[in-house]
Amino acid sequence: MTQKKILFYTDTPIYGGAERIMLELARNLNREKYSVMLACSKYKILDEWCEHWEQNGMQVARLNVIHKHDPRHHLQLKKILKKERPDILHLHLWNPGSCRYAFGAVDKKTTKLISTEHDPFPLNGIKNMLKKKGLKKTDCTIAVSDANRELLLKLYPDLESRIVTIHNGIDLEHFEKQLLHFSSQKKAKIRSDLMKAAHNDFVIVSVAALHPRKGLKHVIEAFAEIKKEAPQTKLVIVGEGPQRKELTECIKKLGVSHEVMLLGKQENIPEILKSSDLFVLPSVKEAFGIAVLEAMAAQLPIIASGVGGIPEIIKNNRSGLLVEPGNTEALKTAIQELMKNQPLSQKLAFVAHHEVKNFDVKTMARRTEAIYDGV
C-alpha cells in the first residue's frame, strides 16, 4: 500500500485546544495509509508540543518567523511543500484569519488542500476578502461542530458542498489509562495539597484558558454568592491565559481568595477532574468544548453554557445542565441545584459518561481519513 503524505500546518502562536486536537488526530491516523508531518513556527511556547510530535515518530519542520503576520510564512512553507511534495496540505485554522499565507503557497496541481476551522467568526475588510479567496482553493473545509458549519455556510454560502462537520474527540483509552492506579489516597492528596480542600468540601472545577470568552468571571461571581450559604465549597480553575491578573483582582475584590484556586497549567487533568465534585464551563463563546468531553470521561456532573458546539455534546437535563451564556444568576441556580440534588447529579454524570464514547478520537480520525481518501 502506497502511503499518502499529509502535511499539517498552523501559524498558531499559542498552545491550546486546537493544537491538542491536531496532535491527537495525527497520532490516531492509520500509519500504514498515511505518513504525517507538521509545519509550524519556531515560537518557544510550541517547543514541548513539537517534541510530542517527534516522540510519536512524526517529522517536524519549524518556520523561522517573528509573528503570525510575518510574510516569511509564505516563502518558507512554499520551500517545505516543494521539498516534501505532500499529497495533502491540511491547514488548521486556530482563528478564521490564520494560515492565510498557506493558501497562496500551495500548488493545487500537485497538492490537495483541506482546512479545519477550529474557531470561525466573521471577518471584515481585506481579511474577509483574503479568506474568501483562500477558501475557494480548498477541496474540503472541516467544521468541528454543526454550529460552526452553520456559521460558515452563512458566511460563505458558495462552499456548501465542501463544508463538512467532524466533531472533535479525545483519546478515551489514554484518558482511562491515566486513572488506572488512581486511589482514594491520591485523591485525598490532590484535594488537600493542590486544591487546599478539606475532605468534606464540595469542589467545583473549571478547565479553561484564562480568556474572557471562557466566561470564568461569571463562575467566580456565582461562587462568591454560593459561598455565603455553603461555606464548605471550593472553586478550582485549571488553565493559563491573558486574563489571570483580571481574575485574580476579581477574586480578591469578592473576598474569596482562600476559596478560589487558580492552578495554572496542569498535566494531570484526569486526576484533577476525578478529585472534584462538579465541572462547570461558563463560556460566552465556544467553538466546541474539549474540556467538557474530559469531564464526561471522568464521570463528573456538568454545567455548561448552551453556546456554540456545547449543545451538540451535552443534552440539557439528560447528560448535564445548560445555562444561558453570561447569565451569572442562572449559573448560580444550576450549581446550587446539583449541590443539593445528589440523585440528579449522579444521573447526569452516568449518562454523560455513557455518551462520551460518541466523541472518541478514533471516530474523528476515521472520518478525517474518509475526507483524505475522498479528495
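Predicted model: local features only at pLDDT ≥ 70, side-chain atom pairs only at ≥ 80, totals over all residues.
Residues are numbered from 1 along each chain as its sequence is written, and side-chain values use heavy atoms, with hydrogens and water left out.

Q: How many of the residues of strand E8 are buried?
A: Strands (E, at least two residues) and helices (H or I, at least four) are DSSP runs, numbered from the N terminus. Buried means under 20% relative accessible area, exposed over 50%, and partly exposed in between, with a 1.4 Å probe and protein chains only. Phe202, Ile204 and Ser206 point one way from E8, Val203, Val205 and Val207 point the other way, and all are buried. For strand E8 (residues 202-207), the count of buried residues is therefore 6 of 6.

Q: Which residue of strand E11 is the bridge partner of Ile204?
A: E8 also pairs with strand E11 (residues 278-281), in the parallel sense and over 2 bridges. The partner of Ile204 in that strand is Leu278.

Q: With which side chain does that of Thr12 make a polar contact of 3.2 Å?
A: Thr12 is found in the loop between strand E1 (4-9) and helix H1 (17-28), and it counts as buried because its relative accessibility is 0%. Contact means heavy atoms within 4.5 Å; beyond its neighbours within four places in sequence, Thr12 is in contact with Glu19, Tyr43, Leu46 and Trp94. A polar contact is a pair of N or O atoms within 3.5 Å; within protein, one must be able to donate a hydrogen and the other to accept it, and residues adjacent in sequence count only if both atoms are side-chain atoms. The side chain joined to Thr12 at 3.2 Å is that of Glu19.

Q: What is the distance of the polar contact between the side chains of Glu117 and Lys131?
A: Glu117 lies in strand E5 (residues 112-117) and is buried because its relative accessible area is 0%. Leaving aside neighbours within four places in sequence, its contacts include Leu93, Pro96, Lys131 and Asn148. The polar contact with the side chain of Lys131 has a distance of 2.4 Å.

Q: How many residues are in the largest nonpolar core?
A: A nonpolar core is a set of buried Ala, Val, Leu, Ile, Met, Phe, Trp, Tyr and Cys residues joined through side-chain atoms within 4.5 Å. In the largest one, Phe8, Trp53, Phe279, Ile303 and Ile335 touch the most other members. The number of residues in this core is 119.

Q: Is the ring pair of Tyr34 and Tyr372 stacked or edge-to-face?
A: Rings of Phe, Tyr and Trp (its six-membered ring) pair if their centres lie within 6.5 Å; planes under 30 degrees apart count as stacked, over 60 as edge-to-face and the rest as tilted. The structure holds 5 aromatic pairs. In this one the centres are 5.5 Å apart and the planes lie at 65°, so the pair is edge-to-face.

Q: How many residues apart in the chain are Tyr34 and Tyr372?
A: Tyr34 is in strand E2 (residues 34-41) and Tyr372 in helix H16 (residues 361-374), so that the pair links distant parts of the chain. Tyr34 is buried at a relative accessible area of 0%, and Tyr372 is likewise buried, at 1%.

Q: Is Arg85 buried or exposed?
A: Arg85 is found in the loop between helix H3 (72-84) and strand E4 (88-93). Its phi is near 50°, a positive value in a residue other than glycine. Because its relative accessible area is 58%, Arg85 is exposed.

Terms used. Pairing = 2+ DSSP bridges.
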